[in-house]
Structures are given as C-alpha cells and as structure tokens.
Protein chains: 2
Amino acid sequence: MRLPWTPAFAGVTMKRTWQKKGRDALLKNIDPLLNADVLAALRAMGHGDRVVLCDTNFPADSVARQTVLGRLLRIDAADCPRAARAILSVMPLDSFVEDAAARMEVVGKPQEIPPVQKEVQQEVDRAEGKSWPMVSIERMAFYEHARKAYCVIASGERRFYGCFIFAKGVIPPDA
Amino acid sequence: MRLPWTPAFAGVTMKRTWQKKGRDALLKNIDPLLNADVLAALRAMGHGDRVVLCDTNFPADSVARQTVLGRLLRIDAADCPRAARAILSVMPLDSFVEDAAARMEVVGKPQEIPPVQKEVQQEVDRAEGKSWPMVSIERMAFYEHARKAYCVIASGERRFYGCFIFAKGVIPPDA
C-alpha cells in the first residue's frame with residue numbers, strides 16, 4: 001500500500017491546510033518542546049498543583065524525587081524563557097492564589113531581578129494576557145516549596161536563578 | 001498566601017483572556033478528552049506509527065498488549081466520532097501512505113459504510129481540511145494490522161464496527 005516517495009508527492013504534503021496556518025508543533029497546535037512525559041504531567045496536574053521549572057544548577061533530580069510525580073522531567077533543549085513559554089502555552093495559572101508564579105530570590109539581593117527572570121516574567125505576562133508579577137521566594141524556602149510540587153522540569157538554562165514555580169489554574173466548562 | 005475564595009474573585013477569573021477565545025480544554029488549546037496517557041502516546045508516536053480507535057466490543061485489551069505501547073489507553077466518555085475528533089485535533093494523518101485512515105469492513109458487506117463510520121469519515125475530512133476517504137480492511141486482517149500499531153484507544157462507542165486505524169503524519173520545521 002505504500003506509495004513511493006517523490007518530490008512531487010512531498011509537495012502535496014507541504015500544502016496541507018494546517019501547515020498554512022503556521023502552527024508550531026510536532027502535534028498540531030502543541031509546542032514541540034512539550035515532550036510526551038511533560039505533556040502527560042501537565043495534563044495530569046489539577047487545580048493548585050505546582051510545576052517547578054529550573055536551571056542546570058538546581059538540584060533537579062534530588063528535589064524531583066520528593067515531588068508527587070517522583071521523577072525528573074526534562075526540556076533540555078531550551079533556556080528558561082523558552083521552556084516557560086511552552087509550559088504556559090497549555091497550562092493556565094491559578095488565579096486563586098497570590099503566588100501562582102514565583103521566582104527564586106537572588107541570595108543577599110532580594111530586590112534584584114536578573115535578566116533570566118525578567119524574560120520569564122515577559123512570558124508569564126504574555127501567556128496570561130496581562131501583567132502578572134511573580135512573587136519571590138528566598139532560596140532555601142524555594143527548595144522546601146519545590147519538594148511539595150507535582151513535578152520538576154529541568155531546562156537547559158545556564159544562567160543563575162533560572163528557578164520558577166507555577167501553580168496550575170482551571171478551565172471552565174464551555175459556556 | 002492563599003486568598004479566600006469569593007464570588008467576586010471568581011468573577012475576575014471568568015474574565016481571563018484565554019476564556020474569551022472559547023477554547024475547549026483542560027489544558028489550553030487541547031481537547032479535554034485527551035487525557036494524560038493518550039496525550040503522551042500521541043506525542044511519543046512518530047511518522048508512520050499507527051493508533052487504533054475502537055468500540056466497546058473490540059478485543060481492545062488483548063490487542064493492546066501486543067502493540068508497541070503494550071497497554072490499553074481509554075477515552076471512555078465519548079463515542080467514536082467524538083474521540084476521533086479529539087485525536088485528529090492534534091495528530092496529523094500520514095500523507096505518504098494510502099491507508100493512513102482505515103475502517104473495519106462489515107462482515108459479508110464490504111461496501112456497506114455504517115453510520116458510525118460515516119460520522120468518523122466526517123471528522124477525518126474536517127481535521128485534514130479536505131476529502132480523505134478511509135480505506136476498508138477485512139475484520140481478521142484488521143486485527144492483524146491492529147496488533148502492529150503503536151497503541152489502542154478504547155472509546156465508549158456502542159455501535160458495531162466503530163473500529164479505525166490512523167497513521168501519524170509529519171509536521172515540518174517552521175518556515
């Protein structure tokens with residue numbers, strides 16, 4: 001039943017309707033950075049469950065083993081802002097709590113917001129369509145908080161303080 | 001940090017930007033029928049891998065144990081057309097083969113297309129944005145074919161011959 005592959009046939013493929021819409025996905029409409037394990041975890045999470053997005057210095061595996069999921073998830077091929085964009089493209093933030101989006105405080109400089117956190121803040125605001133300032137959590141408190149999360153996703157971020165916690169919100173029935 | 005829940009606060013929630021867009025999902029932009037296990041399987045599948053969508057009389061579990069995934073997936077709360085819509089909302093069909101969408105033939109009446117298959121045909125055409133007629137596969141050959149699939153998804157379909165096989169296509173890099 002298999003047809004021979006030919007450039008002409010490939011040309012037909014390139015004209016598929018959904019491709020004309022500029023979708024960016026390995027599954028239609030889904031960010032390609034969301035691999036099978038990450039997608040399943042985000043879908044399995046319910047209201048109030050939290051996901052930790054961390055950089056490459058964070059004790060990701062040891063913390064992840066204490067979370068609900070119990071094993072580390074990875075979006076290795078992206079920095080934190082890009083990984084945050086992928087996660088928040090499907091996961092609504094929890095509007096019932098003040099700390100639905102949180103960042104790790106710079107040690108000794110709690111007011112400083114390093115570039116990686118500014119960039120993730122832009123992704124948060126973009127995803128929610130409004131200004132949604134992240135709260136900050138002191139480093140050791142952040143670790144405590146992270147252990148209570150549903151899961152941890154390790155990004156490929158090399159910059160320090162690329163550590164965030166997001167709480168999942170709700171999506172109502174269709175009107 | 002938790003805020004008390006109040007109707008006024010809930011009102012704020014109802015005005016979220018993404019809700020105004022009429023999205024139908026527990027994750028944003030993703031059909032709510034696609035549970036964590038199903039989403040992970042569809043994402044893990046590659047070009048040419050096949051998914052079986054079956055009714056409640058199909059030997060779903062015994063066939064599923066012989067597939068690549070090795071365990072049965074479920075979209076219990078929907079009939080076949082609705083489940084097909086959910087699956088095809090994220091999974092492109094394989095344009096490289098003629099049998100990317102297939103239905104089980106009615107025994108003794110290979111030309112007959114029962115209503116459940118007509119309805120799924122509409123979902124196939126809708127998802128691909130063009131007429132994409134399903135090929136038919138004789139019942140015993142269908143079982144053989146199904147065992148070679150990546151996975152089996154059992155729907156809640158009660159009508160006979162609600163049995164289909166879809167091959168996954170590709171999504172190109174962004175232009």
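Mentor: Start with helix H3 of chain A. Its buried residues are A:Asp37, A:Val38, A:Leu39, A:Ala40, A:Ala41, A:Leu42 and A:Arg43. Buried means that 20 or more other C-beta atoms lie within 10 Å of the residue's own; 12 or fewer is exposed, anything in between is partly exposed, and the C-beta atoms are placed from the backbone. This is a predicted model, in which local features need pLDDT of at least 70 and side-chain atom pairs count only at pLDDT 80 or more, while totals for chains, interfaces and linings use all residues. Residues are numbered from 1 along each chain as its sequence is written, and chains are lettered from A and ligands numbered from 1 in the order in which they are written.

H3(A) is mostly covered, with 7 of its 9 residues buried. Helices (H or I, at least four residues) and strands (E, at least two) are DSSP runs, numbered from the N terminus. What do the buried residues of H3(A) pack against? Within chain A, they pack against E1, E2, H5 and E5. From the other chain, H3 of chain B joins the list. Such packing rests on contacts, that is, C-beta atoms, placed from the backbone, within 7 Å.

Now the pairing across the two chains. The axes of H3(A) and of helix H3 (residues 36-44) of chain B come within 8 Å and cross at roughly 160°. H3(A) is therefore roughly antiparallel to H3(B). Axes are lines fitted to C-alpha atoms, for helices over the stretch in contact, and angles run from 0 to 180 degrees between N-to-C directions. Under 35 degrees counts as roughly parallel, over 145 as roughly antiparallel, 65 to 115 as roughly perpendicular, and the rest as oblique. The crossing of H3(A) past H3(B) is right-handed.

Ala, Val, Leu, Ile, Met, Phe, Trp, Tyr, Cys and Pro count as nonpolar, Asp, Glu, Lys and Arg as charged, and the others, Gly among them, as polar.

Look from the partner's side. H3(B) is mostly covered, with 7 of its 9 residues buried. Among the buried residues of H3(B) are B:Asp37, B:Leu39 and B:Arg43. The buried residues of H3(B) pack against H3 of chain A, and in chain B against E2, helix H5 (80-90) and strand E5 (151-155).

Next, follow H5 in chain A, one of the elements that H3(A) packs against. In H5(A), 9 of 11 residues are buried. Its buried residues pack against helix H3 (36-44), strand E1 (50-54), strand E2 (73-75), H6, strand E5 (151-155) and strand E6 (164-167) of chain A.

H5 (residues 80-90) and H6 (residues 115-128) of chain A have axes that come within 9 Å and cross at roughly 20°. H5(A) is therefore roughly parallel to H6(A). The crossing is right-handed. On the H5(A) side, A:Cys80, A:Pro81, A:Ala84, A:Arg85, A:Leu88 and A:Ser89 take part. They meet A:Val116, A:Glu119, A:Val120, A:Glu123, A:Val124 and A:Ala127 in H6(A). This contact has 8 nonpolar, 1 polar and 3 charged residues.

Chain B has its own H5 and H6 pair. The axes of H5(B) and helix H6 (residues 115-128) of chain B are 9 Å apart, at an angle of about 20°. H5(B) is therefore roughly parallel to H6(B). H5(B) passes H6(B) in a right-handed crossing.

Now step back to the core and the chain. The largest nonpolar core has 106 residues. Such a core is a set of buried Ala, Val, Leu, Ile, Met, Phe, Trp, Tyr and Cys residues joined through C-beta atoms within 7 Å. A:Leu53, A:Val152, A:Ile153, B:Leu53, B:Val152 and B:Ile153 have the most contacts inside it. Chain A has 7 helices and 6 strands. Of its 175 residues, 43% count as buried.

Key
Left-handed = near helix turned anticlockwise from the far one by under 90°. Contact = placed C-beta atoms within 7 Å.
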